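Here is a brisk report on one protein chain.

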Amino acid sequence: SGINAEYGQPRQLSILVSLKLLYVTLLYFTPLSMIKVIMNCLLPVVLIERSNTVYTHYKNKSTGQLSGATLALQWTQFSGRIFTSIMAGAETGFIMPLFINCFFTSIILGQYLWYKPNGKELKAE
């Protein structure tokens with residue numbers, strides 16, 4: 001019932017791919033001024049979402065099931081994007097969300113290292 005018989009894929013994946021193609025097509029025709037407005041709207045969203053994550057980890061004194069490798073790769077990705085954006089001459093509006101993501105990912109990576117269990121099992125009393 002949830003399988004697309006023609007491709008043997010879940011229907012949700014087909015819808016996701018279709019929406020992604022529509023997104024890429026519309027992005028090609030979107031004027032640069034509209035992309036700048038969208039990027040400027042992204043900045044508060046990034047600030048709220050990432051600061052909420054940092055606060056939750058601090059409050060719980062744990063990073064949950066986050067993987068250190070995933071965090072390191074995210075940090076590397078944002079650092080690389082910042083570097084290539086600066087080298088390409090991108091404007092501040094494009095670089096700021098990347099910089100803020102990299103900053104908060106650095107904090108989360110630090111929290112991961114700080115709250116990481118040291119491998120010893122706690123004994124129940």
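## Confidence

Where pLDDT is low, the predicted coordinates should not be read in detail.

The protein chain averages a pLDDT of 81, and 86% of the residues score at least 70. Among its elements, helix α3 (residues 68-88) has the highest mean, 90. Strand β1 (residues 3-4) has the lowest, 50. Helices (H or I, at least four residues) and strands (E, at least two) are DSSP runs, numbered from the N terminus.

This is a predicted model: local features need pLDDT of at least 70, side-chain atom pairs count only at pLDDT 80 or more, and totals for chains, interfaces and linings use all residues. Residues are numbered from 1 along each chain as its sequence is written, and side-chain values use heavy atoms, leaving out hydrogens and water.

## Helix α2

Helix α2 covers residues 32-60, 29 residues in total. From first C-alpha to last it reaches 42 Å, close to the expected 42 Å (1.5 Å times one less than its number of residues). Just after α2, Lys61 takes a positive phi of about 55 degrees.

Its buried residues (under 20% relative accessible area; exposed is over 50%, partly exposed in between; 1.4 Å probe, protein chains only) are Ile35, Met39, Val46, Arg50, Val54 and His57. They pack against α1 (11-29), α3 and α4 (92-115).

## Cysteines

The disulfide count is zero, the rule being a pair of cysteine sulfur atoms within 2.5 Å. Cys102 is buried at 10% relative accessible area. Cys41 is partly exposed at 49%.

Notes:
pLDDT = per-residue confidence, 0-100. Contact = heavy atoms within 4.5 Å.
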